[in-house]
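Hi there,

Here is the structure I promised to pass on to you.

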Amino acid sequence: MLRVVRALNPILFRSLSPTGVSKRLLGLTGCNVLGARLLSTASASSSSDAATGAAAAAAAATAAQTTHRQPTLAESGLSSAEDFLNGTNANVLEEMYELWLREPSKVHGSWQAFFRNIETGAPLGQATSLLSRPQRERISRAAPSVTAGRDVLEVARDTVRVMSMIRAFRHRGHLVANLDPLNLSQASGHVVAGAHEESALSPARVRYDLDPVSYGFTEADMDRIFYVGGDLPGRPLRTLREIHSMLKNAYCGTIGFEYRHMLSKEEKDWIASRVEVFGPMFRFTPEEKRQIWNFTAEAELFEKFLSYKYATAKRFGLEGGESIIPGIQAMLLRGSELGIENVIIGMPHRGRLNVLAQVVKKPLEQIFHEFNPDESRTRVYLAGGSGDVKYHLGTSSDRTLANGKQMHLSLVANPSHLEAVDPVVVGKTRAKQFFTYDVDRRRTMALLLHGDAAFAGQGVVAETLELSDLHDYTIGGTVHVIINNQIGFTTDPKHARSSPYPTDVAKCVGIPIFHVNGDDVEAVVHVFRLAIEYRQRFRKDVVVDVFCYRRHGHNELDEPSFTQPLMYKKIAAHPTILQLYTHRLVNEQIVQPSEVQQMRDQHMRRYEISFRNAPNWKPRDSDWLASHWKGFKSEFQLSPIRQTGVDRDVLMRVGRALCRIPESLHIHPHLKRLLEHRKQMLEGEIGIDWALAEQLAFGALMCEGTHVRLSGQDSERGTFSQRHAALIDQDTEERYVPLDHIEGDPPGQFRVCNSSLSEYAVLGFEVGYSLESPRALVMHEAQFGDFMNGAQVIIDEFIASGEKKWRRQCGITMLLPHSFGGQGPDHSSARLERFLQLADDDPDEIPAELGMDNRMQIQRANLQVVNATTPANYFHVLRRQIHRDFRKPLILLTPKELLRLPECRSPLADFLTGTRFHRLIPETDPEIATGEKTRRLIFCQGKVYYELVAERKKRQIRDVSIVRLEQISPFPYDRVAETLSAYPKAELVWCQEEPKNAGAWFYVQPRIRTTLRGLIDEAHGKHRVVAYAGRKPAAAPATGIYTIHVAEQKELIDQALSDEPLPVTV
Ligand SMILES: Cc1ncc(C[n+]2csc(CCOP(=O)(O)OP(=O)(O)O)c2C)c(N)n1
Ligand SMILES: [Mg+2]
């Protein structure tokens, strides 16, 4: 309240000269306001307080009735010794106060008490309630007579109406802000979708809401003063005209602030304090204006230059939206002052070349070269990859900004799939924050640019936003920029979204949205600065929606008038942003007309020089594997195969942490048994199971300095209640992560996190995380493998093809529960076939080098698909991801039934130094016939192996060998060849539980055939063929009827173990 008094003192009593005051108070306003204020505060207090407050308000309101000049203290006939209740006039009040300040004893005791209370910070209403009892009693005696008057109610009503008007501007002012540079008809659906005439969003309706007339005010009220202290910044007493004009400027100018949906009062107040400014909201120095002008020119002329030089090329130019470039530049500069050192950028096609050139400072020579690539040089650059179109490529750079600060910028490569890069950028940002100890996330930020249609339409936008405030996924805020050109290809907003703005989806996480007219480049710069200030202060996402237009068609070769003839007529007649701004600065005499051409020539010359040098551009080595990736091998440099076994002491150290919990932690009794069980496994009494093997792998990697991150729905406990990587106290729900308590504080950190219920964004996030540094084992786990097709875009575009397109390695590991246990069509299959179909190893060609010393098969492949059938092999394949000098995506099918199968255990010895991953596990039963005595050789993968073995044992079959393909892709030709040679007379069978049109059959069949062809002679079975035992083709991955599942499973096992040879289709 001190604030109110402080504000009130100079303004109400000092700053207004008596004449000024009397002018203002003509119509009785000061006391009106004071009265209303007293009334409003009193209404919230106790009844006796209310009476006092109301009395004072009524007194003020009575004065408000006077329509002529108010008397001074001398004229009033009042003496300074006048009792409190009789002081009803603003001038008198003012003079009384002045007098009290000079000589307190000269005013009546009641006034002394009142002013004292005000000065000590009492709210206005309470200021009277703090009077002495007799004073209050006199007030209450007087109250009935004055409160009965209707003026009191009018005062209260008018004040409430002013507040309602303020509220209307805050909530809805943006709907009639001057946002659209083209001023398209809103009813046509170009600007605010759904804003047709009858709707509540129609501009006419909104404008009426914002008009004082709609609150019952007339022109005569416009100069009345209202008390708005605490509600609006600046002087607490304002005329209605001032209030209305300030609100109009603030909310209906070229910026539309949409933020009242936010829940945090602190954040809303912060924004309001920056928006509701009496006077110009932003003012730039002449130097700043010239800088903005220069950036605008750079952006516009760059597009012009490209259009001259490459008239027939698609570049998805920025024309119409160039002001985002000065906006981003200003944001970086302001960000650097606020601590930002790294910016990771993701963006679509629109304006990408411009951002690359002006913001990321990708060498112009390289950009121009990519328009006209020299084939042989490009092949070198691609280093065996397939490359991508120029507007998908990423890059990074270190810039020195105008203020001398350094900033690292990286633009992440992306596919055509709009918005798919969003979670990837966010994950990469999180990883960078982790590896640079950016604990409060103020040094590294993400900047995501979006198209208006894509932002509204693509679900991954919402999924990514939902990650923004989650403990294990937050990055302390992303700045989102929408290049809102009011069109998506050929589709108008009214057909592209149901929400008024493209940005409405961002409201789901309660973040501010700043809409801005892209033609007002200064407003754009202001808003970008505000956005970064908000991000740095509150560490949350923020959206800048730049309303602009697309000067050409979707690309420069497209004809936009086929579909938007009226819009494009307007665009053709519309001056460019640079023209508009130049005109403005010339008018303001900040730019001389003679400089305009000079500046243009200067930029064009610079572009021309780079253009001429473009043919000489050579790729830099540093482009390939930068920063954390130094020393990692490309597919042309051998990375030796290493053992992945671990010293017993290390395993025991990890094991102790896994089995020991503090006494103070009260865990569920079942978990106590689980820990006991794990102890027995480590002591060698029983074999090690899947879940323990996994955590031993994690712990051992941590001891070696690797950061281990596992994220997915329910990953802490594990879908099948097998993992329990975090233990929960039964009394307090405190979370205890055993791997955080390995003795000796290992250098690698462990993070296991339950994710939001998203596959697309969460997998994208983890891919981004794994792109940042090779020094982490980053795993994403699907709750069931079936659900991963929700992330198919990430799988196809980043995991399967990212390295080949963009020359960036990625070691993401996907854990996909997969097996046919009768749980129905959607809890059985991780769609193994999809991953195998994406694998790029050649089915018809056996790699030349497959020895331990020269094998580079995985290095050259695009991904690995593994289904380990033993805990030890699982342990080793996880460790192998890190124990190599390259990174490669690993698709790991993981078990369900095997998690608790006693046969699926591995002895401790299989984890120790000297052991490693086996791509193929041969027959292990010594009782089974070998060599020529083997009648049938079954190849299989996954859980069905255990079922085959159990049935073979039951039937006492000894002449059928069963071999497991653990690494399905790249296909282990050498190990399969060895096996085939070892059983020269055996009939070959591939057995799988997946339907025939799924699983691995289509993938292994040609490769087994190729392997057989490669065998040296007939004796080794050169012309043998492989038969199929398994389910028939099916539309759904599995049946929903358990009994049918059982019957099918029995049938395929029967086929595989049948006495008669199986039919072969070649
Ligand atoms: C997921 C996806 N679907 C469809 C497309 C095809 N496509 C390319 S650009 C485009 C229009 C995008 O409109 P907008 O997001 O407004 O960006 P603008 O081109 O207007 O800048 C479409 C539909 C795509 N690239 N990605
Ligand atoms: Mg668009």
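The buried residues of α39 are His1045, Gln1049, Leu1052, Ile1053, Ala1056 and Leu1057, where buried means under 20% relative accessible area with a 1.4 Å probe, protein chains only, exposed is over 50% and partly exposed lies in between. Because they cover an arc of only 130 degrees around the axis, they sit on the same side of α39; the arc is taken from the directions from the helix axis to the C-beta atoms. Thr1043 and Lys1050, on the other side of α39, are exposed. The buried residues pack against β20 (936-940), α36 (944-954), β21 (960-965), β23 (987-995) and β24 (1026-1031), with contact meaning heavy atoms within 4.5 Å. Helices (H or I, at least four residues) and strands (E, at least two) are DSSP runs, numbered from the N terminus.

Please bear in mind that this is a predicted model: local features need pLDDT of at least 70, side-chain atom pairs count only at pLDDT 80 or more, and totals for chains, interfaces and linings use all residues. Residues are numbered from 1 along each chain as its sequence is written, chains are lettered from A and ligands numbered from 1 in the order in which they are written, and side-chain values use heavy atoms, leaving out hydrogens and water.

Asn485 counts as buried at 5% relative accessibility, and Ile487 is buried at 3%.

Best wishes
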